[in-house]
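Open the model in your viewer and keep the selection panel at hand.

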Amino acid sequence: MISFIIPLQKSDKLIVERINVAFQFAQQYKGPCEIIALSDGAEDQKCQLARLALKINKMNKPTIKTAMLQHTNSLGLKETIKTGLTRVMGEKIIVLIDPTHKNGLTNMELKGIFEGVEIAESLDAIKNLNKQFN
């Protein structure tokens with residue numbers, strides 16, 4: 001299983017796009033996927049937008065597991081991702097950060113996600129990621 005963690009922050013601008021990309025990947029991927037959106041004290045409007053994007057996508061792809069979690073206070077990007085890591089069930093984890101965030105990736109293309117999964121598998125990145133956050 002592949003788990004997507006989508007952290008939502010106050011300055012987030014591409015919530016729907018990241019959720020849509022995760023669903024597109026999940027639809028093409030041969031194994032099971034889950035998508036978890038986590039709010040780090042983001043505005044209610046942004047959380048509602050994320051919930052709506054999850055619901056609309058799930059209507060077309062009902063087998064994909066989804067969840068929306070919310071921190072009441074802003075704890076920062078690292079803590080939000082850490083919360084996501086405690087909730088995921090997947091053996092492979094993909095974190096989709098807003099590309100406009102200072103530490104975010106600039107490529108949100110589906111091809112980039114598939115390449116990222118292959119690279120992570122070859123580097124055994126999940127073990128390294130778990131060590132970093134534990």
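**The H1–H2 pair**

Select helices H1 and H2: their crossing is right-handed, meaning that the near helix is turned clockwise from the far one by less than a right angle. The contact (heavy atoms within 4.5 Å) is formed by Ile15, Val16, Ile19, Asn20 and Phe23 on H1, and by Lys46, Leu49, Ala50, Ala53, Leu54, Asn57 and Lys58 on H2. Colour these residues by class: 8 are nonpolar, 2 polar and 2 charged. Here Ala, Val, Leu, Ile, Met, Phe, Trp, Tyr, Cys and Pro count as nonpolar, Asp, Glu, Lys and Arg as charged, and the others, Gly among them, as polar.

This is a predicted model, in which local features need pLDDT of at least 70 and side-chain atom pairs pLDDT 80 or more, while totals for chains, interfaces and linings use all residues. Residues are numbered from 1 along each chain as its sequence is written, and side-chain values use heavy atoms, without hydrogens and water.

Next, draw the axes (lines fitted to C-alpha atoms over the stretch in contact, with angles from 0 to 180 degrees between N-to-C directions). Those of H1, residues 15-28, and H2, residues 44-60, come within 9 Å and cross at roughly 25°. The two helices are therefore roughly parallel, a term for angles under 35 degrees.

**The whole chain**

Now select the protein chain and switch to cartoon. What order do its elements follow along the sequence? The pattern is β-α-β-α-β-α-β-α-α, with 5 helices and 4 strands (DSSP runs: H or I, at least four residues, for helices; E, at least two, for strands).

Finally, colour by burial: 43% of the 134 residues are buried, that is, under 20% relative accessible area with a 1.4 Å probe, protein chains only.

Conventions. Parallel < 35°, antiparallel > 145°, perpendicular 65-115°, else oblique. Buried < 20%, exposed > 50% of the residue type's maximum accessible area, 1.4 Å probe, protein only.
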